[in-house]
Amino acid sequence: MSISTPGGPERRPTVVSTGKKPAAGRPASGAKAGSGKPAGSPRAGGKGPRKPVTPVKVSQGRAWGPIALFVAVGMLAAGIIGYGAWASFQGAKPWDKRANAIDGIANIRKSDPDSLKYESHKSGPLTWNYSPPVGGVHNAAWQNCMGDVYDAPIANEHAVHSLEHGAVWITYRPDLPKDQVDKLASKVRGVEKTLMSPYEGLDKPISLQAWGYQLKLDNADDSRIDEFIKDLRVNASVEGPTALCNTGITATGTTPRELQQQPPTQ
């Protein structure tokens, strides 16, 4: 049956199926991709377009570990630099200034210079104002001071001559414990211009002598022993650094040798 329309009969258009579906998700004309709505379409309820959401920043704590490490390293570096500068300054000071800075040292050169004066070498037993003596009159022969460690007392008369040559003489009570004696000996053996011997009647366990200086101590572990040796060995010499410490007396005993028994003197 045909349907008549004004203008004559008209055939219904034929729809040809291709068998394909429209591409999924393709936006319609005039709509924003993925929105499903035309661009600029109002929100429900007649409100304007949706505003973009500002991301919320999550506060993270400071990394204190690296900061603390950086500060510690900086402080260590500053300490090393500061100590180096201080040690350099100390080393640049004159030897007598360094010696006078040793805690507890007696500077006889300053307090009693007359006791260090003498006119000539003398034989026989002599006397001094200090025990052990630190300078002044002495025998023509010196005690060998090439790092010699004597296991018995020696004559003051020879030891003082060694001091005149720039030696440091370490003395100790005969009853000082062996481990303490060994520590003292380790600072002397093989060190030119040093010698060591036991000494009767000390008022302290250990006493160190250089020409015009004395330091009395209680313990061989005292760091001032090293300071005394470093600052006064050779430096305290009355006759200069070339004064001999070999070819001296090597025998022990508190009685000085007579001149005819001595090697040639300087």
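Good morning. Asp222 and Arg224 form a salt bridge in which the closest N and O atoms are 2.7 Å apart. By salt bridge I mean a side-chain nitrogen of Lys or Arg within 4 Å of a carboxyl oxygen of Asp or Glu. Salt bridges with shared partners bring Asp103, Asp222 and Arg224 into one network. Asp222 has a relative accessible area of 18%, so this residue is buried. The word buried stands for under 20% relative accessible area, exposed for over 50%, and partly exposed for what lies in between, with a 1.4 Å probe and protein chains only.

Before I continue, two remarks on the source. The model is predicted, so local features need pLDDT of at least 70 and side-chain atom pairs count only at pLDDT 80 or more, while totals for chains, interfaces and linings use all residues. Residues are numbered from 1 along each chain as its sequence is written, and side-chain values use heavy atoms, with hydrogens and water left out.

Let us turn to helix α6. Helices (H or I, at least four residues) and strands (E, at least two) are DSSP runs, numbered from the N terminus. Which residues of helix α6 are buried? In this helix, which covers residues 224–232, they are Ile225, Phe228, Ile229, Asp231 and Leu232. Their cover includes α2 (95–100), β3 (168–172), α5 (178–186), β5 (206–210) and β6 (213–217); contact here means heavy atoms within 4.5 Å. After α6 comes Val234, with a positive phi near 75°.

Side chains of opposite charge can pair when their charged atoms come close. Asp231 meets Arg98 in a salt bridge of 3.1 Å, N to O. Because Asp231 belongs to helix α6 and Arg98 to helix α2, this pair ties together parts that are 133 residues apart in sequence. Are these two residues buried or exposed? Both Asp231 and Arg98 are buried.

Another salt bridge joins the side chains of Lys187 and Asp226, at 3.0 Å from N to O. Lys187 is in the loop between α5 and β4 (194–198) and Asp226 is in helix α6, so the pair links distant parts of the chain, 39 residues apart. Lys187 counts as partly exposed because its relative accessibility is 22%, and Asp226 counts as partly exposed at 41%. The search of the whole structure finds 9 salt bridges.

Next, the aromatic rings. How many aromatic pairs does a search of the whole structure find? The search finds 3. Rings of Phe, Tyr and Trp (its six-membered ring) pair if their centres lie within 6.5 Å; planes under 30 degrees apart count as stacked, over 60 as edge-to-face and the rest as tilted. One of the pairs is Trp95 with Tyr213, which is edge-to-face because the ring centres are 6.1 Å apart and the planes stand at 70°. Trp95 lies in helix α2 and Tyr213 in strand β6, so parts that are 118 residues apart in sequence are tied together. Trp95 counts as partly exposed at 22% relative accessibility, whereas Tyr213 counts as buried at 3%.

Tyr118 and Trp211 form an edge-to-face pair as well, with 6.4 Å from centre to centre and 65° between the planes. Tyr118 is partly exposed, at 30% relative accessibility, and Trp211 is buried, at 5%. Thank you for your attention.
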